[in-house]
Amino acid sequence: MVALRFYTVEMSLPCLCPCPSSPISLSLCSPRYNLLNTTSKRLDLSRNCRTLRISCSSSSTVTDQTQQSSFNDAELKLIDALIGIQGRGKSASPGQLNDVESAVKVLEGLEGIQNPTDSDLIEGRWRLMFTTRPGTASPIQRTFTGVDVFTVFQDVYLKKTNDPRVSNIVKFSDFIGELKVEAAASIKDGKRVLFRFDRAAFSLKFLPFKVPYPVPFRLLGDEAKGWLDTTYLSPSGNLRISRGNKGTTFVLQKETVPRQKLLATISQDKGVAEAIDEFLATNSNPAEDDYELLEGSWQMIWSSQMFTDSWIENAANGLMGRQIIEKDGRIKFEVNIIPAFRFSMKGKFIKSENSTYDLKMDDAAIIGGAFGYPVDITNNIELKILYTDEKLRISRGFDNIIFVHIREI
């Protein structure tokens, strides 16, 4: 069994708005999950698993009509463009950035809520889903918002209070606590909010008091000031696009659709089994659905697996890397080993019954550059698709292991 891995992350002040920083470090461990029974109608996932971190900034059209009605088509296009982007935009490819920017411009050209700073819909807690990082962005924004294991929020309370404030919150976990950085705020016009950071503190679960964040806001002068324009606020009040005084674009949400909730849970590596259970109960109907094995490159981001000692066995069983589904019933498993070297295993698939495919993998090799070293491995796997759409797939494969894949662009 693979030992728990510990991650050390250098954190700085959260930066939905530009602000000064003073880094600290926390060490977090990545829990494991188990699979007890995958044959029952409601999957109970509780066996040791492996997670690859992804961004929690992803979503899709969903079957739940109440959830879907909260977002119009243009908003769903932006939400879909965010799926698979790591680090809230930090690791986005040029193509992904282009899709997001195009969707943002479309929404900014539409008629959202007029004068959003005067609307009650801007009030409340917003989850940061995506942010750009131009060269003028602060070091805090460049380093901190890209850490998927933490959740970043922005609280906006401008009306119905004698102390208008915009606060940035970093939630480390339910067990550790959070960092809250507050700014006094005022409304300049129908889109712009002016702010000045004036206090910050850690609220840690293991301490009965708050720990002040060591930044001398009063001595920073204009460095503690800024502004934030809301360029789009959805009529439902669930989606917001804002641009800051350092040229940064932010996409924030209040309500997240089911696929976003699932991917956010996977990125935080906690409660994944229960989240998959809930998602499948809401979004699939095994008695009626017949899912196809869609073409494309599918990256594995989570599995309820127990590792063997041999990485090549894991790769041959599809427990690592990506699956590439090609035309005419061809499939390939591919795992990057080290730079310039990868494991590749090719095979064929045929559909045996509804949502179920038989895979025969019999052409394996370790490839480096233009050369390949054949590996004598054959494998027969039954793959049951539990849910799929254009960007997300949940399946049951080798040894009844549950997999979550996202489609690469």
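Colleague: Which residue stands opposite D229 in strand 11?

Modeller: That would be R243. Before we go on, this is a predicted model, where local features need pLDDT of at least 70, side-chain atom pairs count only at pLDDT 80 or more, and totals for chains, interfaces and linings use all residues. Residues are numbered from 1 along each chain as its sequence is written, and side-chain values use heavy atoms, with hydrogens and water left out.

Colleague: How many helices and strands does the protein chain have?

Modeller: Seven helices and 21 strands. Both are DSSP runs numbered from the N terminus: helices are H or I with at least four residues, strands are E with at least two.

Colleague: Back to strand pairing, then. How many bridges join strand 10 to strand 11?

Modeller: Two strands pair if DSSP finds at least two bridges between them. Here five bridges join strand 10 to strand 11 (residues 239-244), and the two run antiparallel. They form a hairpin with five residues between them, and G237 in the turn has a positive phi of about 75 degrees. Strand 10 is also joined to strand 8 by five bridges, again antiparallel, with L194 opposite W227 in strand 10.

Colleague: Which way do the side chains of strand 12 point?

Modeller: In a regular strand the side chains alternate between the two faces of the sheet. In strand 12, T249, V251 and Q253 point one way and F250 and L252 the other way, and all are buried. Buried means under 20% relative accessible area, exposed over 50%, and partly exposed in between (1.4 Å probe, protein chains only).

Colleague: How many residues of helix 5 are buried?

Modeller: Nine of the eleven residues of helix 5 (residues 258-268) are buried, so it is largely enclosed by the rest of the structure. Among them are L262, L263 and I266. Just after helix 5, D269 takes a positive phi of about 60 degrees.

Colleague: What should I make of a positive phi?

Modeller: Most residues other than glycine have a negative phi, and most peptide bonds are trans. K160 is not a glycine, yet its phi is positive, about 55 degrees. K160 is found in the loop between strand 5 (151-157) and strand 6 (165-173).

Colleague: Is K160 buried or exposed?

Modeller: Exposed, with a relative accessible area of 77%. Now take S355, whose phi is positive too, near 60 degrees. S355 lies in the loop between strand 16 (341-353) and strand 17 (356-368), but at 3% relative accessibility S355 counts as buried.

Colleague: Which residues have the most contacts inside the largest nonpolar core?

Modeller: In soluble globular proteins, nonpolar side chains tend to be buried together. A nonpolar core here is a set of buried Ala, Val, Leu, Ile, Met, Phe, Trp, Tyr and Cys residues joined through side-chain atoms within 4.5 Å. The largest one has 39 residues, and I276, L359 and I394 have the most contacts inside it. A second, separate core of 28 residues includes L179, V193, V215 and F217.

Colleague: How many aromatic pairs does the structure hold?

Modeller: Eight. A pair of aromatic rings is described by the distance of the centres and the angle of the planes. Rings of Phe, Tyr and Trp (its six-membered ring) pair if their centres lie within 6.5 Å; planes under 30 degrees apart count as stacked, over 60 as edge-to-face and the rest as tilted. F202 and Y213 form a tilted pair, 5.6 Å centre to centre with 45 degrees between the planes. F202 counts as buried at 7% relative accessibility, and Y213 does at 5%. Together with F172, F202 and Y213 form one aromatic cluster.

Colleague: Where does the charged end of R393 sit?

Modeller: Over the ring of W298, 5.2 Å from its centre. The test is that NZ of Lys or CZ of Arg is within 6 Å of the ring centre and within 35 degrees of the ring normal. R240 likewise lies over the face of W126, at 5.1 Å from the ring centre.
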